[in-house]
Amino acid sequence: MRRIVAGVDVGNSSTEVALAEVAGSSVTFLGQHLVRTTGIKGTVENVKGVSLALREAAKKAGISVEAIRLIRLNDAVPVIGDLAMDLISETVITESSMIGHNPDTPGGAGLAVGVTVPIDALSEKLLPKEPCIAVVPKEFDYEWVAARINALVENGHSIEGAIVQKDDGVLIHNRLRKKMPIVDEVALIDRVPLYKRAAVEVALPGYTIRQLSNPYGLATLFRLDPDQTIQIAPVAKALVGNRSAVVIQMPKGEVVERKIEAGRIMLIGSQRRMEVPIHDGAEVIMEAYGRIGTLVDVQGETGTNVGGMFHALRENLAELTGQSAAEITISDFLAVDAVIPRSISGALAGEMAMESGVALASMVKTEKISISRVADQLQAELGIAVEVGGVEAEMAVRGALTTPGTRPPLVILDMGGGSTDAAMMTRAGEIHSVHLAGAGDMVTMLIDTELGLADRELAEKIKRNPLGKVMSLFHMQLEDGTMLFSEAPFPPETYGRVVIREEQGLTPLAGPHTLEAVREVRRSAKRRVFVTNALRALKRVIPTGNLKHLSFVIMVGGSALDFEIPQMLTDELGKYGIVAGFANVRGTEGPRNAVATGLIQAIAEQGGSRGETGRIRDDSL
Amino acid sequence: MRRIVAGVDVGNSSTEVALAEVAGSSVTFLGQHLVRTTGIKGTVENVKGVSLALREAAKKAGISVEAIRLIRLNDAVPVIGDLAMDLISETVITESSMIGHNPDTPGGAGLAVGVTVPIDALSEKLLPKEPCIAVVPKEFDYEWVAARINALVENGHSIEGAIVQKDDGVLIHNRLRKKMPIVDEVALIDRVPLYKRAAVEVALPGYTIRQLSNPYGLATLFRLDPDQTIQIAPVAKALVGNRSAVVIQMPKGEVVERKIEAGRIMLIGSQRRMEVPIHDGAEVIMEAYGRIGTLVDVQGETGTNVGGMFHALRENLAELTGQSAAEITISDFLAVDAVIPRSISGALAGEMAMESGVALASMVKTEKISISRVADQLQAELGIAVEVGGVEAEMAVRGALTTPGTRPPLVILDMGGGSTDAAMMTRAGEIHSVHLAGAGDMVTMLIDTELGLADRELAEKIKRNPLGKVMSLFHMQLEDGTMLFSEAPFPPETYGRVVIREEQGLTPLAGPHTLEAVREVRRSAKRRVFVTNALRALKRVIPTGNLKHLSFVIMVGGSALDFEIPQMLTDELGKYGIVAGFANVRGTEGPRNAVATGLIQAIAEQGGSRGETGRIRDDSL
Amino acid sequence: MAKRDVYVMILFDAHVEEREWLREVCAGLEEEGVPYRLQPWHEREPSAARLGCIAAESSPLQVGIGLDRYGVIHLHHEKLKSPEPYLRDGWQNGRALGKNAGRLVKGLPLYVHAGKKREE
Amino acid sequence: MAKRDVYVMILFDAHVEEREWLREVCAGLEEEGVPYRLQPWHEREPSAARLGCIAAESSPLQVGIGLDRYGVIHLHHEKLKSPEPYLRDGWQNGRALGKNAGRLVKGLPLYVHAGKKREE
Ligand SMILES: Nc1ncnc2c1ncn2[C@@H]1O[C@H](COP(=O)(O)OP(=O)(O)O)[C@@H](O)[C@H]1O
Ligand SMILES: Nc1ncnc2c1ncn2[C@@H]1O[C@H](COP(=O)(O)OP(=O)(O)O)[C@@H](O)[C@H]1O
Ligand SMILES: [Mg+2]
Ligand SMILES: [Mg+2]
């Protein structure tokens with residue numbers, strides 16, 4: 001009996017279809033297609049996407065949808081994940097004691113010390129005996145400012161430097177007869193304390209300041225005693241790495257790196273409970289996780305940041321699954337350290353600090369997703385027999401096994417958006433699977449946060465594409481340092497910028513990051529999520545827990561399409577002697593279509609020998 | 001009584017002088033100077049440098065050398081250090097199974113599979129049924145090659161790609177009617193195995209290859225069974241990150257990352273002995289060091305690499321100190337992980353691998369350096385009274401204490417070339433000091449090795465200066481991303497290159513490294529040596545061993561002049577609440593002249609109150 | 001080439017009386033540290049486009065600015081080989097346009113929000 | 001600008017008969033993926049310096065190459081504003097010089113060992 005059948009895999013992000021002609025146990029694949037999943041997985045809205053995918057696959061195969069005799073839908077795993085991220089440190093400047101920023105065009109270079117005096121107050125006072133630093137709000141024109149300073153200096157005033165609100169540093173400097181360092185673009189100049197001793201330092205291009213970032217430099221300039229030096233030292237520390245800076249000597253001026261009360265996380269395991277302060281960072285948390293046996297639940301200390309995080313997580317998941325928040329128990333989580341750029345509160349020129357934080361991906365078990373409703377609706381709409389069957393992990397393994405060069409025992413890693421799923425097939429055909437929190441969407445979140453984008457779509461683009469930097473109207477530097485030569489000029493909004501190189505064109509990035517910095521954030525986010533999760537998954541799914549007892553790891557799923565994630569794992573798992581690479585389903589499909597392909601093979605096997613399809617044990621459920 | 005006196009500090013690298021007028025216990029500093037030490041420290045050749053430095057200092061002070069009444073020479077600490085570095089891994093290709101390199105201008109893009117056939121052998125054979133990859137040695141001109149391939153393709157040959165010795169990839173590709181990937185600049189083309197199945201992949205600019213770096217990609221292309229896939233997997237792993245590659249299917253072709261038999265290191269301590277395999281890396285070694293009590297000696301397993309390393313070290317030090325190698329015992333060492341670029345043996349196109357290695361700095365106690373001979377000679381030559389006195393650590397602390405904003409208890413870190421010395425002065429004026437192996441010269445060695453320069457002078461320049469990249473005839477990009485605009489064109493040898501920005505001009509770097517990569521090597525070398533050693537030194541020298549019990553750390557010595565090392569420590573030690581910065585000796589001299597200044601103060605104190613100068617305990621001796 | 005030979009050319013309709021318009025463009029270039037040369041053009045009502053193109057061609061840095069009598073400013077680059085400017089703006093944003101001219105020379109990102117984009 | 005308008009200009013003494021000399025220079029540029037235009041110069045015995053300067057000035061990419069009848073090749077850039085070439089070499093190293101012309105356009109490091117340095 002020859003008949004045309006379809007395998008349909010509805011995932012959280014993608015719906016995939018495979019079409020084949022099955023005759024006994026022999027299978028001829030005819031076509032496949034992928035669309036974005038319509039609606040939330042397991043709801044009848046999915047039908048729209050499935051119909052579309054079937055139509056497109058049929059078109060490619062050169063058949064009509066009506067020719068399909070049987071559709072098999074996968075029995076999706078009832079786990080669902082969510083993400084959260086929070087700061088654990090915060091930098092605060094008290095009493096406007098410093099300005100440390102990198103305007104593109106400061107004026108002059110060098111070091112100056114004096115008392116801050118508004119530019120227009122200078123002549124109204126008597127000839128000051130003390131050296132001054134002129135404070136210049138935006139109302140004053142550079143010509144006027146320069147003329148004023150020149151006249152004052154002529155009259156014996158000793159003006160040593162300037163703090164300027166507008167981007168006028170070079171303009172003023174060029175018109176001065178006496179050269180001095182000028183820090184410009186100080187947005188909140190009206191908050192600069194007046195009639196206080198201040199030091200201004202501007203380094204030459206490509207250098208950083210040396211005196212104001214040295215506590216003893218400040219002690220020398222301000223003639224501080226040891227106690228005052230101790231008090232001002234955090235200001236020096238905060239200025240390390242700047243090209244220009246102003247330090248104002250204030251009785252209580254300080255830079256404080258405040259630890260936010262981030263609280264403790266309680267891990268409830270089958271063997272024991274452990275409490276870890278979030279401050280200890282992701283590594284310590286994950287290490288504790290490794291020592292509590294199987295995870296039963298996680299809780300955050302109430303009234304603290306982490307308490308709030310887990311509360312929000314439970315609320316989100318409750319809403320999504322329709323359970324009550326109290327019923328939700330967390331079946332897995334992944335904590336990852338993150339570096340989060342934030343504006344320093346109390347800063348005068350928009351200075352940023354790199355704060356530390358923790359990103360969390362969590363996963364809960366839900367009621368079984370009622371895929372049968374989707375099946376019924378589909379059958380009604382298309383008039384084709386629809387059956388639900390085949391555990392996802394088993395189907396994925398079957399599909400992945402069509403990759404050349406593979407055989408059991410093997411592990412597949414299904415790297416999707418919300419979860420990293422792993423399934424091990426032993427030599428005897430037994431399958432163990434696990435579902436871990438943290439996958440492609442967490443990578444996107446890390447990129448979004450660490451680059452300070454606040455734009456998930458843009459972060460997703462950065463994740464998926466290589467970068468370039470437009471160097472001139474017609475040249476772009478690529479990540480590997482090679483130059484690309486364009487015939488048409490690059491548009492002005494990309495000029496001089498780091499850009500995302502998509503097929504359809506270039507997307508420029510705002511922000512101060514260099515190409516190397518963006519690349520490093522992108523790659524480290526991928527490493528932190530997928531290398532960590534691959535190792536976690538393998539250790540759990542291999543019966544002995546020892547990676548050296550494994551030969552083959554096959555990557556499938558959307559994130560296996562990434563242009564660098566699979567190579568990272570090939571490299572990393574290669575160290576354990578594991579052959580790891582992305583799948584090439586049926587020798588042609590790459591890492592896509594594994595489950596849909598597996599579903600069709602299951603049909604063929606049942607239609608043929610009706611043989612055993614392997615016993616299933618899903619460790620995470 | 002008013003008299004002019006000189007303090008003279010002869011170091012391994014620098015000789016420093018201070019001149020002052022002393023009247024009772026009051027001191028007026030007149031001048032100072034620094035020269036390179038002439039000859040090895042403690043030998044009479046030093047006299048030349050001392051005389052020069054005195055003359056120059058006198059000139060600056062506006063006095064004649066004869067006006068000096070007394071010279072005091074420091075009593076140098078009798079420790080001496082040496083450096084060594086060795087590989088612990090090595091990558092070897094057996095049987096010419098792959099080419100993985102990044103020629104600037106490969107031809108075409110995409111993936112091809114076929115049998116390797118010499119370009120001139122192609123027509124002599126019958127029409128091959130199998131697809132071929134043309135192998136083109138340098139004798140063949142690109143016009144001829146292209147014409148030949150075009151003719152063969154016309155006649156039904158299926159030529160799918162090419163491997164070319166000369167830099168002709170684009171030239172050939174532009175003349176082909178059928179487009180195909182071409183890997184060029186394959187230097188050792190005569191070692192490419194012929195009549196074997198091979199795959200050629202070239203990625204688009206800015207991308208890396210995907211199929212040949214995936215084990216299952218290779219399995220698909222070569223129709224490999226699982227066992228063959230396991231065998232070829234290291235080839236895929238070795239190709240991760242390349243823009244173009246060739247893989248040739250050889251029965252025994254493999255890439256092996258061989259561990260070199262690096263042996264064990266034996267740490268003999270006052271409390272216990274420990275053996276650590278070098279393979280475990282620097283962190284494990286240094287951790288073991290922390291658990292053996294005071295170090296008595298270190299030995300390397302004989303017959304192994306590390307044994308050889310320590311043997312060579314002892315020989316060097318024996319020669320330098322005139323002791324026998326057997327007498328030499330190592331009083332401190334610092335192990336640091338290093339990444340060492342090496343040509344892969346068996347490679348066909350000069351491919352490099354990043355091997356791992358360990359760098360070691362060691363230090364031995366020697367006989368007391370006979371500084372008195374130097375003193376006698378100096379006295380004879382100049383006719384001025386010369387006395388030796390003042391333990392180096394004490395003098396350095398006295399000098400450093402002239403930095404504004406400091407008071408005991410404090411620690412000075414003397415960061416020189418061969419050693420990092422620390423001295424703690426307690427509130428009671430007691431001084432403890434230690435001498436640790438590893439300082440500026442080790443940083444230079446790491447830079448030299450990790451960038452594959454084999455040029456210590458160049459590495460020293462990289463250490464001391466910021467970088468730039470010449471972007472066009474008139475523009476240079478600096479480390480912070482800003483652009484510098486030049487009036488004269490940059491010379492051709494710097495065009496498009498990473499350059500060292502010295503005051504006297506630009507030094508271009510050869511090699512493939514990006515500006516970011518060179519910068520990262522430089523900064524990480526500084527961190528690995530000086531952050532590590534600062535923490536080691538502080539823990540040893542603070543009576544409680546607890547960093548939180550300390551307020552002030554003052555950096556002196558040549559490496560405290562570095563444009564970023566002091567800031568790294570300001571930042572790092574700031575985390576423990578320590579005020580750390582480079583000294584400003586006498587409020588003017590920066591981190592230089594501490595010992596010379598301290599010597600003069602000691603004279604004044606003796607001449608004045610003849611008070612106690614503090615009891616000395618040197619922990620390391 | 002000597003310092004005097006490196007500049008951005010600014011051509012303006014000789015009828016322009018508002019010196020303030022030119023001053024702001026020049027200030028933008030000066031703040032960026034890029035030299036410029038100012039030159040009036042006496043032709044009958046030249047367009048900003050024409051002035052920008054000529055300026056770019058005669059500018060050793062290949063970047064030219066044209067300012068017409070209505071205060072329209074075109075920023076042009078010799079390599080563009082078309083009358084379309086790379087950036088276009090009104091005199092109100094002269095400072096930003098001058099800065100952008102300097103940044104174009106130096107290869108730095110432009111302030112695009114301030115100016116108007118080149119239509120393509 | 002359209003593709004045909006982006007090129008490195010190569011001017012050669014029309015008396016040069018060794019096509020091989022030109023072929024290698026062109027091959028160097030082509031391998032680097034940079035278009036060029038070849039043009040003979042009919043003046044009486046022009047120097048490589050003169051040809052290089054004129055080539056650079058008439059080259060939309062500002063990079064020009066001059067080849068005299070003795071096989072001396074000058075690589076010039078319009079911005080240099082002096083008769084001194086940026087690089088100079090003999091026909092034996094034509095390929096390297098052509099590659100360097102391409103690399104100068106692309107902002108890539110030059111093969112300096114192959115060519116001779118510009119005296120300053
Ligand atoms: N070309 C690609 N490069 C990198 N990531 C990709 C690519 N295509 C999809 N992804 C990522 O894959 C994830 C979705 O994987 P998928 O397998 O479709 O999920 P699911 O199994 O939940 O439907 C998302 O995080 C998405 O960003
Ligand atoms: N300007 C500088 N920047 C960075 N390092 C420097 C500088 N000047 C000297 N050094 C380094 O200081 C070390 C020598 O320090 P020094 O205090 O002179 O040694 P010693 O005390 O042994 O005489 C060398 O490693 C040298 O590279
Ligand atoms: Mg400015
Ligand atoms: Mg090439």
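**Sheet and ligand shell in a predicted model**

An open sheet in chain A of this predicted model has three strands in the order 5-19-18, with antiparallel pairing.

User: What makes strand 5 and strand 18 of chain A edge strands?
Analyst: Each pairs on one side only. Strand 5 covers 79-87 and strand 18 covers 330-343.

User: How do you know that strand 18 and strand 19 of chain A pair?
Analyst: Pairing takes at least two bridges. Strand 18 and strand 19 (residues 352-365) of chain A have 13 bridges, in the antiparallel sense, so they count as paired. One bridge joins Ala335(A) to Leu360(A).

User: Why is helix 10 of chain A said to pack on the sheet?
Analyst: Contact means heavy atoms within 4.5 Å. Helix 10 (residues 440-450) touches strand 5, strand 18 and strand 19 of chain A. Its direction makes about 20 degrees with that of strand 18 of chain A.

User: Why is the pair between Ser14(A) and ligand 1 called a polar contact?
Analyst: The cut-off is 3.5 Å between N or O atoms. A polar side-chain atom of Ser14(A) lies 2.4 Å from an oxygen atom of ligand 1, so the pair qualifies. Ser13(A) contributes a backbone N or O atom at 2.8 Å from a ligand 1 oxygen. For a polar backbone atom of Asn12(A), the distance is 3.3 Å.

User: How much of ligand 1 does the protein bury?
Analyst: The protein buries 84% of the 570 Å² that ligand 1 exposes alone.

User: Which helix of chain A gives the most to the shell around ligand 1?
Analyst: Helix 11 does, with three residues. The shell divides into one nonpolar, 10 polar and six charged residues.

Note on methods
Residues are numbered from 1 along each chain as its sequence is written. Chains are lettered from A and ligands numbered from 1 in the order in which they are written. This is a predicted model: local features need pLDDT of at least 70, side-chain atom pairs count only at pLDDT 80 or more; totals for chains, interfaces and linings use all residues. Side-chain values use heavy atoms; hydrogens and water are left out. Helices (H or I, at least four residues) and strands (E, at least two) are DSSP runs, numbered from the N terminus. Axes are lines fitted to C-alpha atoms, for helices over the stretch in contact, and angles run from 0 to 180 degrees between N-to-C directions. A polar contact is a pair of N or O atoms within 3.5 Å; within protein, one must be able to donate a hydrogen and the other to accept it, and residues adjacent in sequence count only if both atoms are side-chain atoms. Accessible areas come from the Shrake-Rupley method with a 1.4 Å probe; for residues, only the protein chains shown count as cover. Ala, Val, Leu, Ile, Met, Phe, Trp, Tyr, Cys and Pro count as nonpolar, Asp, Glu, Lys and Arg as charged, and the others, Gly among them, as polar.
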